[in-house]
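Thanks, everyone. I would like to walk you through one model this morning, beginning with a cavity and then moving on to a sheet.

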Amino acid sequence: MITRRVAGIDCGTNSIRLLIADIGEDGRLRDVVRRMEVVRLGEGVDRTGRLSEAAIERTRVALAGYTAEIREHAAETVRMVATSASRDAANAADFTAMVEATLGRAPEVITGDEEARLSFTGAVATLPAHAGQRLLIDIGGGSTEFVRGTGALVTAAVSVDVGCVRMTERHLRSDPPTPGEIEAAVADITRIVDGALAVADADRESTELVAVAGTATTIAGIALGLPAYDPVAIDGTRLTYEQVAKTTADLAAADHAARLAIPVMHPGRADVIAGGALVLRTVMERSGIDAVLISEHDILDGIALSA
């Protein structure tokens with residue numbers, strides 16, 4: 001089978017991820033390398049409107065490692081996409097210059113709409129067939145994408161400024177968060193989610209809810225009681241609203257040390273996971289969809305497929 005080796009890089013508000021994969025004649029990805037580093041590029045952007053020098057340097061170090069792996073594995077095509085933090089920052093040109101110097105090409109700072117569509121493409125490529133429509137949510141650090149589609153066809157997409165880092169920095173400042181902080185975060189999330197759901201306009205009776213990215217997969221790992229993070233066990237898990245609500249309540253009540261001690265928790269996610277969990281729980285409450293399918297495949301797969 002003739003294959004083509006591609007590399008996709010997704011640089012978001014909280015993490016930067018790499019996928020080197022072979023694309024066969026069937027159009028499916030076969031992983032060669034899949035990596036993730038928490039660099040918190042968007043640290044403070046909601047407050048300052050700028051990327052900090054320290055955040056850009058953390059991202060450069062991770063990107064230099066990725067560049068070496070791309071060369072080692074001889075990827076024919078490379079596509080790097082930057083999302084929420086890079087869209088919001090007044091000094092995005094500094095970030096772009098760093099990427100050009102490190103990777104040898106500029107990143108694509110994509111719109112929220114394209115981010116949403118790439119997330120849907122990456123997720124549905126591996127999901128089993130579904131007769132009705134799907135509503136996909138991609139909870140990131142700075143933004144969340146809502147995408148409605150049937151099969152591989154996207155019929156509505158919207159990106160909104162609500163994410164685990166943004167909500168934590170804006171509202172959840174205590175450790176653990178106070179009831180008042182949680183209430184303020186939920187009110188903010190609810191207002192934004194209601195607007196996004198109005199655009200996505202999904203019929204809850206015939207819609208399958210799909211959640212992708214680190215917040216959702218971590219919640220699934222916790223709900224399953226896994227002894228360590230296991231993407232194979234997590235991928236395709238279906239969680240009930242009750243499971244999501246319980247996990248969210250537990251995370252919101254725990255302090256940073258307790259969250260860090262959870263076996264599936266990535267150290268770089270422990271301080272912001274409660275904010276992300278509140279987003280997922282609110283989406284389920286406001287949409288009226290009482291179960292969510294968790295996928296390990298997301299915008300990173302979409303980037304690689306489009307490379």
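The largest cavity is lined by 12 residues, and those nearest its centre are Thr13, Gly42, Asp46, Gly142 and Arg166. By cavity I mean a set of points, on a 1 Å grid over the protein atoms alone, where a 1.4 Å probe fits but cannot get out, with lining residues having an atom within 4 Å of a point. This is a predicted model, in which local features need pLDDT of at least 70 and side-chain atom pairs count only at pLDDT 80 or more, while totals for chains, interfaces and linings use all residues. Residues are numbered from 1 along each chain as its sequence is written, and side-chain values use heavy atoms, leaving out hydrogens and water.

Helix H1 (45-48), helix H3 (84-88) and helix H6 (164-170) each give at least two residues to that lining; helices here are DSSP runs of H or I with at least four residues, and strands are runs of E with at least two, numbered from the N terminus. The lining divides into 3 nonpolar, 5 polar and 4 charged residues, with Gly counted as polar.

Turning to the sheet, it is open, with 5 strands in the order E3-E2-E1-E4-E5 and mixed pairing, where two strands pair if DSSP finds at least two bridges between them. Strand E3 (29-38) and strand E5 (108-109) stand at the edges with a single partner strand each, so one side of each has no neighbour in the sheet. Strand E4 (residues 77-82) runs parallel to E5 and is joined to it by 2 bridges, and Ala82 has Val109 in E5 as its bridge partner.

Definitions and conventions: 1 Å grid on protein atoms, 1.4 Å probe; cavity = no way out; pocket = protein on both sides within 12 Å on 5 of 7 lines; lining within 4 Å.
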